[in-house]
Each structure stands twice: as structure tokens, then as C-alpha cells.
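Trainee: Could we take a close look at one strand residue and its surroundings, and then at the open spaces in the model?

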Amino acid sequence: MFSDATAVRESGPGEFEVMIGQEWTVVGKPNGGYLLATLARAATELSEHSHPVAVSAHFMSSPDPGPARVLVEPLRVGRSTSTLRASLRVDSPCVEALVTCGELSASQPFWDAGVPEVPWVPFEDAVRMIPPPEAGFRVQMMETVDLRLDPDSMQWPSGRGRLSGWLTLPGGEDFDPLSLLLALDVLPPATFDIEFTGWVPTLELSCYLRALPAPGPVRVVQRAQLISGQRVDQTCFVWDSTGRLVAQATQLASVRLG
């Protein structure tokens, strides 16, 4: 269960012990959204508000699976939101994040005409993505979750710089604001739809949680915006099973193309 994989145990004032799981790795390194969810869980433990609503993180190094610490420092407590700093450390800082917590609901949006339109391929028509052994690398996270890409997203590179599909958590666990952070970083890099490369490490990731998701799988779309100077910025959108946008993100990553 994802909730178990991101569990935190308080070991002192503002300090939590965590275990980075091997099953959430991509070629041996933990997924950034998974690490972000762990940081946000620790932050909510010390927040007077229940849910992360904005999380912005800088990734300085990629920790190996195993024990780690999360240090949390409350920065501001307001009536509707609280802001906390969370730091993931092994021997040195690996990920530094600012987490704003508030209260999310399942109410309908006041206005949503700016939400991008995407083709709604049925879940049953999407193709589960697990790299075969002959690929020469292992994405263990894809064996843990059920990530299904739309058939046209399996035809990379198309030159569009867009990938889309569905995500289901292991054990049929429903999504919540913390696991939506995983969904915002679960797809392969959208640059794969332009030119297939090796690892595309995240430098900075900013996430916005907009609503409590309905039960069921979530729909995920990721787009590359601009590739320049061996860096790419990508946007990601997540809809719940009812078609409501529940999360979005922007990230800057390193990429070697051309």
C-alpha cells in the first residue's frame, strides 16, 4: 500500500524516520513524486491543517533505498493554511521542500474553462507499461503500480512531446492528496515522445493539489513545454475518475538531447 510505503515515525521534535522502499525505484533510484509524498506526510503530521495544497521541492541528490530522516520546521501557521519546511536527509540533504497545508474538499470548481482538454481513452483500452527484460533496465515502480499508457502514447517518438494514460495504486487503494503527488511524477518523461534518452533527473518540482479525488484510477497527462540548454520544463495534469482536475504540476529537469 502506498500509505505504508510513505509512513513516517516521529523520533524527536520535528524529526521523523522513514524507509525509502526499493519497490518505488526507477533504475534503482526512488521516484521523485514518491519522495515528495513522504515529505508531505511528515509535514502534515506537524501541521494544524489536514492536506498539502502546494508543494515545491528542489532535488539535490538521489538517495538509495533504505533508512532516511525527514526534518520538518513550521514556518507559519494561519487560519486557512500553514507553511512548513521539510528536508529529506541520509548523510546530507537530498530533497528540500516547502509544503503549504490547508483543507481540500470534493466540491465542484467555481470556474474551470482554463483546464486543458485531453482525449479520454477508456481505462480498458490503455496498455500497461512494464519494461521487458530485454530492455536492459528495471523500473521496479512500474511493477508496483498499474500504469497504463494510451495506445498513441506507446508510439513514441511522435514529436508531440505529450504522454497520457491511467494510474492505479497497488491493492486497489484510493487516491488521496498525498498519493496524487506520486501521480504528478509517475509518467515517463515527455521528452521520450521527442527523442528517447536515458535518465531525465528532476531539478525542481512544484505541485498543486486542487481537490479530494473520487475513488478509482486517475487520468494523467504530461507535456514538454520547451527544451533548451539541456533542460526541459514539463507540465502534468491529473483528473480523477469523474473527470475533475484534482492536481497539476510543473517541473524543470535535465535532459541530454541532440
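Mentor: Start with one term: contact means heavy atoms within 4.5 Å. The model is predicted, so local features need pLDDT of at least 70 and side-chain atom pairs pLDDT 80 or more, while totals for chains, interfaces and linings use all residues. Residues count from 1 along each chain as its sequence is written, and side-chain values use heavy atoms, without hydrogens or water.

Now find V127. V127 sits in strand β9 (a DSSP run of E, at least two residues, numbered from the N terminus). Setting aside neighbours within four places in sequence, V127 touches L147, R148, L149 and M154. One of these, L149, is the bridge partner of V127 in β10.

Widen the view to the strands. β9 covers residues 127-128 and β10 covers 146-149. These two pair in the antiparallel sense over two bridges (pairing takes at least two bridges found by DSSP). β10 also pairs with β11, residues 162-168. That pairing is antiparallel too, over four bridges. There, D146 stands opposite T168 of β11.

Is V127 buried or exposed, or in between? V127 counts as partly exposed because its relative accessibility is 36% (buried is under 20%, exposed over 50%, partly exposed in between, with a 1.4 Å probe and protein chains only). V127 and L205 lie 78 residues apart in sequence and 27 Å apart in space, C-alpha to C-alpha.

Next, the open spaces. A pocket is an open set of points on a 1 Å grid over the protein atoms alone, where a 1.4 Å probe fits, with protein on both sides within 12 Å along at least five of seven lines; lining residues have an atom within 4 Å of a point. Points join across faces, edges and corners, and volume is the space filled by probe spheres set on them.

The largest pocket has a volume of about 920 Å³. It is lined by 43 residues, and V26, V27, P189, W199 and V200 are the closest to its centre. β4 (29-30), α2, α3 (140-144) and β12 (202-209) each give at least two lining residues (a helix is a DSSP run of H or I, at least four residues). By class, the lining holds 30 nonpolar, 10 polar and three charged residues (Ala, Val, Leu, Ile, Met, Phe, Trp, Tyr, Cys and Pro are nonpolar; Asp, Glu, Lys and Arg charged; the others, Gly among them, polar).

The second largest pocket holds about 280 Å³. Its lining includes W111, D112, R210 and W239.
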